[in-house]
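Colleague: Hi! Could you walk me through this one?

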Amino acid sequence: MPRKFAIGTILSFAAAFVGAASAYAGDGKLLGTSGLLSIEGSAGGGIIPWAVLASYAEAEQMGFSASVANVNLRDYRLRTGALAFGVGNRVEFSASNQRFELPGDARLSQNIFGAKLRVAGDLIYGRAPQLAITLQHKRHQDPSILNALGVPLSTGTDVVFSAAKLWIDGVLNRNTLANISLRRTSAREIGLLGFNHSAKWVAEGAIAVLPNRFWAIGAEFRQKPDFGGLPESHWRDVFVAWFPKKGISTAVAYVDLGTIAGRKSQTGFFFTLQANF
Amino acid sequence: MKNLTQIVASTAKSLPLAIFFLLAIACANKTQPDLLYQELGAQAGVTRLADALIVEIKANPKVMIFFQDTQFDYFRDRLIEDICVRSGGPCTYQGLSMADAHSGMEIRESEFNFFVEDTQKAMQAIGLKTSTQNKLLALLALERNEIIRQ
């Protein structure tokens, strides 16, 4: 299953580049406004989903996004592959695989199936922000590892309520985006270390400024829940994203994920490459 | 290297705060519309922009389909007036309302964006600053509801 998923992701990614080179169906949004696929597969920034929808599909269009991401930390490495399907700038479906490599040869892996609905508003036009609800169903590929560690559950579902707005003439007369979200989650370290029986509310936010329409610089914050046991740190990053054309986008971020499973100062760099078609 | 990491880390922590302050400053600093007309280069600049935009429209089949029956001389004059008026210039718009001008066209959200992209290319082509471009795009965005789905 993991191998199949990886091959599927690579094939889709290859297809994405071919698609990007030719005419693509989902091309109705303005450059950059579909964001990037986050590490959980939902469109957003890097470490959190935003109220934006994957692919460049506007009303009456469909589009795909595919991405690979790599987060290199002091003691860990997170590798993700994600696919998302956007319909009419209204609904997004996503599937992603996260591989979390621990010191030594240990590895944890989970799949995340996401669905996002734009409930109201538009990211750019009108006064109201774009409001979206995201579901992320997370499922570990090998629950026996978690069981051995004494973690209660190997699956869980997050619900995220997000609002995002892009001001065309914002900070320093540049396009400026802000996103705030509330998440109901039972996940420990976003699910990489399993799930709890009860859930908690956490807040997330992002802000970005576009020096011009091809570049975005910004920062993100992700509050993490405290379920007792191993303490979790809030996550933050600063990023630079590049949108040379609608077919391809990429981002680099400096991430500070604090303490993970007892190991302190998990800082490092995040890199993602995405194709849209 | 450790020093650099610390600097980046402390920047990461304070950047959101700094950006929020910038937002507050930007909101307090509302653009004067007559200033935009001057930024565009007054009548000569507005005319250059209209001409550049018509070049982009004619080169873009996805937008050109809406201009099949357009008398471009007439459209050019109205476009110059519209940009002039909206940027605070001393003109009078003598055309149809935006809603009437686009009536029956059933312009989709994607097609409105294609026109926005043509406008971006035109503004880039005549060398307008990004800040000036964004001021004008923000005004164009206000017209969207009277243009799409008419």
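Colleague: Which residue stands opposite Trp242(A) in β13(A)?

Modeller: Thr250(A) stands opposite Trp242(A) there. Before going on: this is a predicted model, where local features need pLDDT of at least 70 and side-chain atom pairs count only at pLDDT 80 or more, while totals for chains, interfaces and linings use all residues. Residues are numbered from 1 along each chain as its sequence is written, and chains are lettered from A and ligands numbered from 1 in the order in which they are written.

Colleague: Thanks! How many bridges join β12(A) to β13(A)?

Modeller: 8 bridges join β12(A) to β13(A), residues 248-256, and the two run antiparallel. Strands here are DSSP runs of E with at least two residues, helices are runs of H or I with at least four, and both are numbered from the N terminus. Two strands pair if DSSP finds at least two bridges between them.

Colleague: And what about β11(A) and β12(A), parallel or antiparallel?

Modeller: Antiparallel, over 8 bridges, with β12(A) covering residues 235-245. In that strand, Trp235(A) is opposite Arg222(A).

Colleague: How many residues lie between β10(A) and β11(A) in their hairpin?

Modeller: The hairpin has 2 residues between its strands. β10(A) (residues 195-212) and β11(A) (residues 215-222) pair in the antiparallel sense over 7 bridges. Ile207(A) has Ala219(A) of β11(A) as its bridge partner.

Colleague: What do the strands from β3 to β14 of chain A form?

Modeller: They form a closed barrel of 12 strands with antiparallel pairing, running in order from β3 to β14. From one strand to the next, the twist averages 20 degrees.

Colleague: Switching to chain B: how many helices and strands does it have?

Modeller: Chain B has 9 helices and 0 strands. It has 150 residues, and 25% count as buried (20 or more other C-beta atoms within 10 Å of the residue's own, with C-beta atoms placed from the backbone).

Colleague: At what angle do α3(B) and α5(B) pack?

Modeller: About 130 degrees, with the axes of α3(B) (residues 42-59) and α5(B) (residues 72-86) 9 Å apart. Axes are lines fitted to C-alpha atoms over the stretch in contact, and angles run from 0 to 180 degrees between N-to-C directions. That angle makes α3(B) oblique to α5(B), as oblique covers what is left after under 35 (roughly parallel), over 145 (roughly antiparallel) and 65 to 115 degrees (roughly perpendicular).

Colleague: Which residues of α3(B) make the contact?

Modeller: Among them are Val46(B), Leu49(B) and Leu53(B), with Phe72(B), Leu79(B) and Ile83(B) included on the α5(B) side. Contact means C-beta atoms, placed from the backbone, within 7 Å.

Definitions and conventions
Contact = placed C-beta atoms within 7 Å. Buried ≥ 20, exposed ≤ 12 C-beta atoms within 10 Å, placed from the backbone.
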